[in-house]
Amino acid sequence: MKTLIFTRSGGFAGVSDELTLDLERGTAHLQNGKEKRTTTLSQEQRTRLQALITGLDLSSLPATPPQEQCCDLLTYRIQIDTVVIQTTDGEIPPALQPLIAELNVIVSGMLSQQPGS
């Protein structure tokens with residue numbers, strides 16, 4: 001596993017974030033609207049992400065989001081190499097919750113940084 005792309009969109013505030021992680025190099029690129037931010041993940045973050053991903057049974061996770069979605073829910077799309085998983089806030093499979101929580105922490109941390117840092 002080399003690349004992970006995490007997209008979260010929708011919700012009441014109209015969120016639109018795309019996080020691209022190179023798990024081998026530890027680089028993280030976040031596109032938030034028109035802003036781009038880049039950071040390097042700590043070794044601890046990389047190890048935690050690798051463990052969370054390795055623990056998933058990717059074939060059992062939803063490839064398409066539920067058809068009925070409330071406008072206030074975030075939609076998540078995770079691409080791990082060539083595998084795509086999609087879900088919403090109200091339908092996150094329990095096995096996927098720790099990974100989404102970790103990715104949300106990374107996005108929030110990057111959003112709290114000054115642009116360009």
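Trainee: Happy to start with a loop: where is the place of aspartate 81?

Mentor: This is a predicted model, and in it aspartate 81 sits in the loop between strand S5 (74-80) and strand S6 (83-88).

Trainee: What makes the phi of aspartate 81 worth a remark?

Mentor: Most residues other than glycine have a negative phi. Aspartate 81 is not a glycine, yet its phi is positive, about 55°.

Trainee: Why does aspartate 81 count as partly exposed, and why does aspartate 22 count as buried?

Mentor: Buried means under 20% relative accessible area, and exposed means over 50%. Aspartate 81 has 34%, so it counts as partly exposed. Aspartate 22, in strand S2 (residues 15-22), has 12%, so it counts as buried.

Trainee: How do you know that the side chain of aspartate 22 makes a polar contact with the backbone nitrogen of glutamate 24?

Mentor: A polar atom of that side chain lies 3.0 Å from the backbone nitrogen of glutamate 24, and the cut-off for a polar contact is within 3.5 Å. Leaving aside neighbours within four places in sequence, aspartate 22 also contacts Lys2 and Thr27.

Trainee: What makes S4 and S6 the edge strands?

Mentor: The open sheet has six strands in the order S4-S3-S2-S1-S5-S6, with antiparallel pairing. Strand S4 (35-40) and S6 each pair on one side only, which makes them the edges.

Trainee: And why do we say that S1 and S5 pair?

Mentor: Pairing needs at least two bridges; strand S1 (residues 3-10) and S5 have seven, in the antiparallel sense, so they pair. Leucine 4 stands opposite isoleucine 80 in S5.

Notes
Residues numbered from 1 in each chain as written. Predicted model: local features only at pLDDT ≥ 70, side-chain atom pairs only at ≥ 80, totals over all residues. Heavy atoms only, no water. Helix = DSSP H or I, 4+ residues; strand = E, 2+ residues; numbered from the N terminus. Buried < 20%, exposed > 50% of the residue type's maximum accessible area, 1.4 Å probe, protein only. Polar contact = N/O pair within 3.5 Å; in protein donor to acceptor, adjacent residues only side chain to side chain. Contact = heavy atoms within 4.5 Å.
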